[in-house]
Amino acid sequence: MGVTNSNKVISTDQISCDGSLRVTLALTAAPDIVSNPTDIVLVLDRSGSMAGVPLESMKAGAKAFIDIIDEATDSSSDGQIGSGSRIGIVSFAATATADAPLMTSVDTLKAAVDALSAGGNTNHADAFTQAIDLFAPASSSAKVIVMFTDGNTTTGAPPAPVAALARSHGIIIYCIGLVGSDGVDVSALNDWATDPDASHVAVTPDPSDLEQLFADLAANISKVGATNIEILEMVNPDFVITNVFAPTRGMVTTLGSNTLRWNIDQLGVSSSESAVLEFLVRHTGQSSGVKPVNLSITYSDNEGNQVTFPAPAVTVDCGVSVCPEGCPVPVDLAAEGCSDAVLVDLGDTYLESQGRILQLNFTIKNVCPGRRVALAAILTEVDSQGLEYPRGMKALTISAHNYPTCRDVLVKCVKFVVPEDLDVASGSGRAMCNRRNFRVRLIAHNIDTDYYCCCQPTVTL
């Protein structure tokens, strides 16, 4: 049956700016139909909207499906489905009918398909019910429903609970949708089908595609599990991988801080098996928003299984953050191939003396919306006697934010330059690399207030 399930989930849907979360990758594979007998019920829509080309295309697709299963089960197209597998036919319009019980005769199954005619409403719930009734509860064979439809439910009970009941009994549900005259509700197909949707739901607007869709699905169901699996996961650049736990199957290699490779020799070759990998990622970006955790994830194996993983996203809250001072403008340069030396004019810069650059980050608490903030940062250097020496002051205006409530504002990258010739460390003179001690005082207040002095003359400066 190849890969029957693939999933990716995260441990939380919201984190702080530097928060972490756990990512879980899961993969399930089952052995081929020869060593894993499978009962399959084709559930075929014959409502009125299927009349004409759609019905004939569906019949061709269903018969191609039967032929592929026939050959896969005993390596020959001998008209008999082998290795203990069987196929049944259920068709539906306003009501559903079991047109063929689970059997091995290819000719009888094809005759049941050819006998279908279109007319009436669409009752998906009854279709699922009739399909479930074809399975023998005590059978150890794998159980699969292939639901084909071209429209929405127009009569009968809601189908979702019936499909959920089938899945709860271990029945795998695939859905094929044709965008016919009644339209097709893809979200409903996703709801009915076994997860993940990407590997269990296929939709097309063109009836001529149906034969290929049925053929591809039959080939997937009849495959061996999976061998020589490689999953390459690259996380969003706003995240880094901080820890990788040993997987339940296979081995993991990290490729830098954003990429990992998961290799599994084989999965689901002799029985249905699952493999799980968990790892931790931390947000290192500076912006808020809803962010996908992974940048890309690719899958390959020797059997050519087509596997798609979900792409979960997390809401990141970085609060309010400002950078009042930008970085210096860089000068770009390039070295051509085979160049032993490069001569570049970088322009002018002025070196007063050796020194240190202090880059300060701090948070202004409880800043209300629509209020600018006047901020002063006062820097002094402290000698061995505790005496302070002025080293600089920055006066900044912090722009107002428009969040609906008062927020903390992170002020980043306020820089002071302190040359070495101002070093007051004990006995240091002007020696380089001495420890230097500083103090910073912060003063902040709102600029925008509703306060005015009463009866005061206007003063012009």
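Two strands are taken to pair if DSSP finds at least two bridges between them, and helices (H or I, at least four residues) and strands (E, at least two) are DSSP runs, numbered from the N terminus. The structure is a predicted model, in which local features need pLDDT of at least 70 and side-chain atom pairs count only at pLDDT 80 or more, while totals for chains, interfaces and linings use all residues. Residues are numbered from 1 along each chain as its sequence is written, and side-chain values use heavy atoms, with hydrogens and water left out.

In the antiparallel sense, β5 pairs with strand β6 (residues 96–103) over five bridges, and the two strands form a hairpin with three residues between them. Within this pairing, I89 has A100 of β6 as its bridge partner. β5 is also joined to β4 by seven bridges, and these two strands run parallel; here V43 has V90 of β5 as its bridge partner. Together, β4, α1 and β5 make a right-handed β-α-β unit, where right-handed means that, with the strands pointing away from the viewer, the path from the first strand over the helix to the second runs clockwise.

Helix α6 (residues 210–221) has twelve residues, and the distance from its first C-alpha to its last is 17 Å, close to the 16 Å expected at 1.5 Å a residue; the expected span is 1.5 Å times one less than the number of residues in the helix. The buried residues of α6 are L210, L213, F214, A215, L217, A218, N220 and I221. An α-helix has 3.6 residues a turn, so residues three or four places apart point the same way. With contact defined as heavy atoms within 4.5 Å, the buried residues of α6 pack against β1 (2–10), β4 (38–45), α1, β7 (142–149), β8 (172–178) and β9 (201–204).

A further set of three strands forms an open sheet in the order β2-β17-β15, with mixed pairing. Its edge strands are β2 (14–16) and β15 (289–292), each of which pairs on one side only. Neighbouring strands of this sheet are turned by 35 degrees against each other on average, direction ignored, where the axes are lines fitted to C-alpha atoms, for helices over the stretch in contact, and angles run from 0 to 180 degrees between N-to-C directions. β2 and strand β17 (residues 313–317) run parallel and are joined by three bridges, and V316 in β17 is the bridge partner of I15.

Side chains of opposite charge can pair when their charged atoms come close. With a salt bridge defined as a side-chain nitrogen of Lys or Arg within 4 Å of a carboxyl oxygen of Asp or Glu, the count comes to 17 salt bridges. One of them joins the side chains of D67 and K110, at 2.7 Å from N to O. D67 lies in helix α1 (residues 53–74) and K110 in helix α2 (residues 106–114), so this pair ties together parts that are 43 residues apart in sequence. D67 is partly exposed, its relative accessible area being 29%.

Another salt bridge is formed by R356 and E420, whose closest N and O atoms are 2.4 Å apart. Because R356 lies in strand β19 (residues 355–367) and E420 in the loop between β22 (407–419) and β23 (437–446), the pair ties together parts that are 64 residues apart in sequence. R356 counts as partly exposed at 24% relative accessibility, whereas E420, at 4%, counts as buried. D423 and R436 also form a salt bridge, with 3.9 Å between the closest N and O atoms, and both of these residues are buried. R356, E381, R391, E420, D423 and R436 are linked in a network of salt bridges.

C413 is placed in strand β22 and is buried, with a relative accessible area of 16%.

How values were computed
Buried means under 20% relative accessible area, exposed over 50%, partly exposed in between (1.4 Å probe, protein chains only).
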